[in-house]
Every structure is written in C-alpha cells, then in structure tokens.
Amino acid sequence: MERREFVASLVAGGCAGMSVDLTLFPLDTIKTRLQSQQGFYKAGGFRGIYAGVPSAAVGSFPNAAAFFVTYECTKSLLGGSGTLAAPHVAPVTHMLAASLGEIVACLIRVPTEVVKQRTQASPSSTTYRMLLTTLKEEGVRGLYRGYGSTVLREIPFSLVQFPLWEYLKTLWSRRQGHTLYSWQAAVCGAFAGAVAAIVTTPLDVAKTRIMLAKAGSTTARGNIPLVLHDVWKSQGLRGLFAGSIPRTTLISMGGFIFLGAYEKVRRSLL
C-alpha cells in the first residue's frame with residue numbers, strides 16, 4: 001500500500017467516523033436506553049439525548065481511521081498475490097480485512113463506548129465524571145469491560161456488511177459500465193448496514209448489558225451466552241431484539257453517511 005493511499009484511508013476513515021457518530025448520536029442514545037437493564041424511562045427516556053457526546057466525538061476519528069487503514073492495508077496485502085487474489089474469493093479477503101480492522105479499531109472504540117453508554121444511561125452525570133468514576137472503581141480494566149463482547153458483535157457484523165457492500169458496488173458498477181458515484185456507494189452501504197444490523201442485534205443487546213452492569217455482578221463478567229440466556233428467560237425474543245428498530249435505522253443511515261463519506265473523501269485525496 002502506497003503512502004498516499006495510507007494517508008487517504010486514514011483521513012477519509014476519520015472524517016467518515018466523525019460525520020456518522022455526531023449526526024446520528026440521538027438515535028444511538030435511544031437504542032442504548034431501550035437495551036439497558038433498568039428500562040428506557042429509568043435510563044433517561046428522551047431526556048439528555050446528547051449525554052455522552054464528548055466521548056463519541058473524541059473517539060470517532062481515531063477509531064474509524066484505525067479501522068479503514070487496517071481494512072485497506074489487509075485488502076491490499078491479501079489481494080495482491082496468491083490464492084486470495086482471485087476474483088471469486090474476494091469476499092473472503094473482505095471478511096478477513098474487516099475482521100482484522102474491527103479487532104484493531106475496538107482498542108480505541110471500547111473505552112469511548114463504555115464511557116458514552118454509561119453517560120447515556122445516567123443523563124444526570126457528565127462524560128468526564130463518568131470517566132473518573134470508572135477509573136476510580138475499576139481502573140483501566142473497567143474501560144475495556146465488554147471488549148470481548150464488542151469484538152464478537154463487530155466481527156459478525158463486518159462479515160456481513162463489508163463483503164455485501166463490496167459485492168453490491170461491483171454488481172452495480174458492472175451493470176452501468178463505470179465506477180460508482182459516491183452516492184451510489186452510500187446506497188450500497190445503507191442496504192448492507194441494515195442487513196448486518198438486524199442479524200447482529202442480540203449480540204449488541206449482550207454488549208450493552210455487559211457494559212452497563214454493576215462491577216462485580218454476574219453480567220459484568222462478560223459471559224455472552226449467559227447474558228443472552230438471561231435476556232431470553234426474562235424478556236424472550238422481544239428482549240433479544242430490543243432496540244432493533246432504532247439500531248437498524250441508525251446503522252442503515254450510518255452506512256449511507258459513513259461509507260458514502262469515506263468513498264467521497266478518499267477519492268478526492270487520491
């Protein structure tokens with residue numbers, strides 16, 4: 001991967017992350033409160049809809065930049081030569097690249113997500129106060145509570161979203177006989193994001209419960225199958241898909257903004 005491509009992926013990824021996270025933050029707050037154990041209204045309802053936004057603002061640029069740099073570098077390495085360079089195995093290359101990208105990006109995403117979600121579920125608190133409380137009670141380890149569940153949610157999500165996005169772009173491009181415009185790549189991103197969001201909602205519910213759980217509780221240990229079993233027992237299928245409508249709306253709109261902005265900025269820089 002050339003230096004110019006690296007810088008383009010870094011800047012485009014960061015700009016795309018900032019655009020989507022700040023634009024759709026209110027929907028993200030609603031989704032978090034719908035999934036919280038204490039219930040939507042006790043978690044704040046529609047009050048303080050921008051609670052936790054400083055955490056999202058600080059983390060979104062480096063998080064998205066880290067993802068796309070890893071994604072594009074891995075795609076370039078795997079697709080350059082060997083078995084994975086063949087067109088018919090391109091989805092495998094995209095899956096591996098997206099999975100590795102998520103593992104790297106989650107090192108930045110999880111601490112900001114922990115602080116953001118706890119502030120969203122306690123709107124009377126501030127982002128800074130929540131950060132200090134987390135560090136005081138649980139140390140740095142507390143900021144990485146739910147890292148495993150986040151990665152296990154993000155990898156299946158990316159395994160669906162990115163190969164589907166790349167496939168739809170290729171299909172549409174072939175049909176019209178030239179490279180897609182940025183808005184067309186954005187439409188493909190919206191559709192791919194919606195499909196991936198629906199499929200992975202139960203994992204998102206588990207991640208939210210783990211991050212919001214009190215330190216030392218059974219849920220806080222991060223056992224995903226156990227958390228999902230508890231949700232199933234207490235709330236059934238409805239509980240497993242809690243927040244699925246705002247989540248799918250959020251991610252579909254997010255896919256449009258995120259992947260559309262990424263394509264637009266990256267092309268303008270190359």
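**Pockets in the model**

Modeller: The largest pocket has a volume of about 460 Å³. On a 1 Å grid over the protein atoms alone, a pocket is an open set of points where a 1.4 Å probe fits, with protein on both sides within 12 Å along at least five of seven lines; lining residues have an atom within 4 Å of a point. Points are joined across faces, edges and corners, and a volume is the space filled by probe spheres set on them. This is a predicted model: local features need pLDDT of at least 70, side-chain atom pairs count only at pLDDT 80 or more, and totals for chains, interfaces and linings use all residues. Residues are numbered from 1 along each chain as its sequence is written, and side-chain values use heavy atoms, without hydrogens and water.

Biologist: Which element gives the most to the lining of the largest pocket?

Modeller: Helices are DSSP runs (H or I, at least four residues), numbered from the N terminus. At least two lining residues each come from α4 (90-121), α5 (127-138) and α8 (182-212). With 5 residues, the most is given by α5.

Biologist: Which residues lie nearest the centre of the largest pocket?

Modeller: Its lining divides into 5 nonpolar, 7 polar and 6 charged residues; Ala, Val, Leu, Ile, Met, Phe, Trp, Tyr, Cys and Pro count as nonpolar, Asp, Glu, Lys and Arg as charged, and the others, Gly among them, as polar. Of the 18 lining residues, those nearest the centre are R118, S122, L212, A213 and K214.

Biologist: How much space lies in the second largest pocket?

Modeller: The lining of the second largest pocket divides into 7 nonpolar, 3 polar and 6 charged residues. The space in this pocket is about 350 Å³.
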